[in-house]
Amino acid sequence: MKKIETVIKPFKLEDVKDALAEIGITGMTVSEVKGYGRQKGHSELYRGAEYVVDFLPKIKMEMVVGEEQVDQVINTIIAAARTGKIGDGKIFVSDIANIVRIRTGETDSEAI
């Protein structure tokens, strides 16, 4: 099992969620986060004063999938989230050692 975490632009959330649902991925956790990479923020004017916005709003999506689904999920996220501009995001894939569903006690792939 693999955990896939992706950080994307907020306006791409529905596109990515819908694309993942089409391939059968329905369980995920979504968080509103802030951060920056190569974008390094930007400057804005507010009431005549300029200030720097270091951390930009992003969406972090997390899901656990079987090994056989990893490539399909990654390709789906890339296709749905890509704008071709800086700040499109990142995808992180890590191993999951164990999963336990609290309600039933099911473990590993039964608990996904």
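What volume does the largest pocket have? In this predicted model, the largest pocket has a volume of about 330 Å³. Its lining comprises 15 residues, and those closest to the pocket centre are Y36, G37, G87, G89 and K90. Two strands, β2 and β6 (89–95), each supply at least two residues of this lining; β2 gives the most, with three residues. By class, the lining of the largest pocket divides into six charged, five polar and four nonpolar residues.

The second largest pocket has a volume of about 210 Å³. Thirteen residues line this pocket, and G27, M28, M63, V64 and I112 lie nearest its centre. Here the strand that gives the most to the lining is β5, with four residues. The lining of the second largest pocket has seven nonpolar residues, five polar residues and one charged residue.

The discussion now turns to helix α1. This helix spans residues 13–22, and its buried residues are L13, V16, A19 and L20. Why do these residues lie on the same side of α1? They do so because they cover an arc of only 140° around the helix axis. After α1 comes G24, whose phi is positive, near 95°.

Key. Residues are numbered from 1 along each chain as its sequence is written. This is a predicted model: local features need pLDDT of at least 70, side-chain atom pairs count only at pLDDT 80 or more; totals for chains, interfaces and linings use all residues. Side-chain values use heavy atoms; hydrogens and water are left out. Buried means under 20% relative accessible area, exposed over 50%, partly exposed in between (1.4 Å probe, protein chains only). The arc is that of the directions from the helix axis to the C-beta atoms. On a 1 Å grid over the protein atoms alone, a cavity is a set of points where a 1.4 Å probe fits but cannot get out, and a pocket is an open set with protein on both sides within 12 Å along at least five of seven lines; lining residues have an atom within 4 Å of a point. Grid points are joined across faces, edges and corners, and a volume is the space filled by probe spheres set on the points. Ala, Val, Leu, Ile, Met, Phe, Trp, Tyr, Cys and Pro count as nonpolar, Asp, Glu, Lys and Arg as charged, and the others, Gly among them, as polar.
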